[in-house]
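Subject: Structure for you to look at

Hello,

Here is the structure I said I would pass on. Please open it first, then read the notes below.

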Amino acid sequence: MRPSVLVVGEAVHGQLSGPSREALNVARSLAGSEGRVTGLLIGHGLAAASAEMATLGTDRVRVVEDAALTSATCSTLAAIVRAEVEGAQVSVVLLTGSVRYRELAGRLAARWDASVATGATELSPTEGGGLRVARPVFGGRATEELDLGGPRCVVALRPHAFPPASTTAPAAPVERRASPPFPTGNAPAPKVSALESTEVTGGPSLGDATIVVSGGRGLRAPENFRLVEELAASLGAAVGASRAVTDAGWRPGSYQVGQTGRSVAPQLYVAVGISGAIQHVVGMVSSRVIVAINSDAQAPIFRVADYGIVGDLFAIVPALTKEIRKVRGLS
Ligand SMILES: Cc1cc2nc3c(=O)[nH]c(=O)nc-3n(C[C@H](O)[C@H](O)[C@H](O)COP(=O)(O)OP(=O)(O)OC[C@H]3O[C@@H](n4cnc5c(N)ncnc54)[C@H](O)[C@@H]3O)c2cc1C
């Protein structure tokens, strides 16, 4: 029997995130035509995101909306999701792989007494009502296979590991659910007094982007980082950085890609003046195509690059940006 799946989606600036669309696709293939796919959105300003979710292969969409939920803790989110899965005959909950939702995965599994895995790149139902999950480990050098016991499983997916769901018609019904008071369990609820975003505004977010251009210490000075930003803008890409850059304060920590930063897996990753230390590589090695620009032909980044340009980034990057802008018809 196919499982019924609940997808907890995320909205970014009011729009359904790319990884949420991917999770809906996985949900539909797990559920087949027998199981039911429920989309769930929690937060504020969710009209556009819920309308889109209703057209992406869902059987129904539920929205828990309240301005106070913008700064909800993971404990509150877990309590809300738990309340939604109870009575909905759901056996699998799928989450996007954002930092927040990876934390949510663990909290929800503990509350719901479910098996849990994060970073999944392959998923299939098992005979016993559980799931077989594969995920890359050791910076993508090996693949780990896990058998999650049923009847309840929570899985956070790796972003960009799956294609997005296709549009279906007619749209599923969207149901608005009563929200507060938010149950938080017995633990004293921490209070979030402010949320500050240091994401680049105007471009795609790092976790969501299909193209990422990252800069490293090879740029020599903070003012030169604009070369990376201009190349990214010409490609419609998000901007990332090595830790050398964020430690030096050239760009905020939210830009950092790597072991102690963000893990990204875009279609295209361009590394500009980055040596390719293992701690950086583990955060980007799952990218589909990697392009490296570095003046040192022996730089370790070339070991993981699909295309390498050996040369001075100060000559190459402006020329590349100019050419891309010309080809794309940008003024
Ligand atoms: C516990 C731990 C965790 C870490 N976590 C992370 C992490 O999450 N992310 C991360 O990035 N790092 C991390 N690091 C740091 C990591 O080890 C490296 O120090 C860091 O990635 C180096 O950054 P970089 O490649 O920008 O600088 P460098 O290693 O200094 O490399 C600069 C590169 O620029 C090239 N270059 C110089 N001039 C030019 C030019 N004109 N044109 C073209 N190329 C040029 C050089 O050849 C060189 O390869 C971590 C380290 C530790 C110990």
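This is a predicted model: local features need pLDDT of at least 70, side-chain atom pairs count only at pLDDT 80 or more; totals for chains, interfaces and linings use all residues.

His160 lies in the loop between S11 and S12. Its phi is near 70°, a positive value in a residue other than glycine. Gln89 also has a positive phi without being glycine, near 55°. Gln89 sits in the loop between H3 and S6 and is exposed, with a relative accessible area of 70%. As background, most residues other than glycine have a negative phi, and most peptide bonds are trans.

One joins Gly150 and Pro151, with omega about 5°; Pro151 is in the loop between strand S10 (142-148) and strand S11 (153-157). Another runs from Ala169 to Pro170, with omega near -5°, and Pro170 belongs to the loop between S11 and S12.

Now the chain as a whole. Its secondary structure comes to nine helices and 17 strands. The radius of gyration is 21 Å, close to the 20 Å that the globule rule gives for 331 residues, so the chain is as compact as a globular protein of that length. Along the principal axes, the C-alpha atoms fill a box of roughly 60 × 45 × 40 Å. Buried residues make up 47% of the 331 residues. Of the contacts between residues at least 6 apart in sequence, 62% join residues at least 24 apart. The accessible surface is about 15700 Å², and 51% of that belongs to carbon and sulfur atoms. As for charge, there are 31 positive and 28 negative side chains, and the centres of the two sets lie 1 Å apart.

H3 is mostly covered, with ten of its twelve residues buried; among them are Cys74, Leu77, Ile80 and Glu84. The cover over the buried residues of H3 includes strand S1 (5-8), strand S5 (60-65), helix H4 (99-112) and strand S12 (174-177). Just after H3, Gly87 takes a positive phi of about 80°.

Regards

Methods. Residues are numbered from 1 along each chain as its sequence is written. Side-chain values use heavy atoms; hydrogens and water are left out. Helices (H or I, at least four residues) and strands (E, at least two) are DSSP runs, numbered from the N terminus. The radius of gyration is taken over C-alpha atoms; the globule rule is 2.2 Å times the number of residues to the power 0.38. Buried means under 20% relative accessible area, exposed over 50%, partly exposed in between (1.4 Å probe, protein chains only). Contact means heavy atoms within 4.5 Å. Accessible areas come from the Shrake-Rupley method with a 1.4 Å probe; for residues, only the protein chains shown count as cover. Lys and Arg count as positive and Asp and Glu as negative; His and the chain ends are not counted. The place of a charge is taken as NZ of Lys, CZ of Arg, CG of Asp or CD of Glu.
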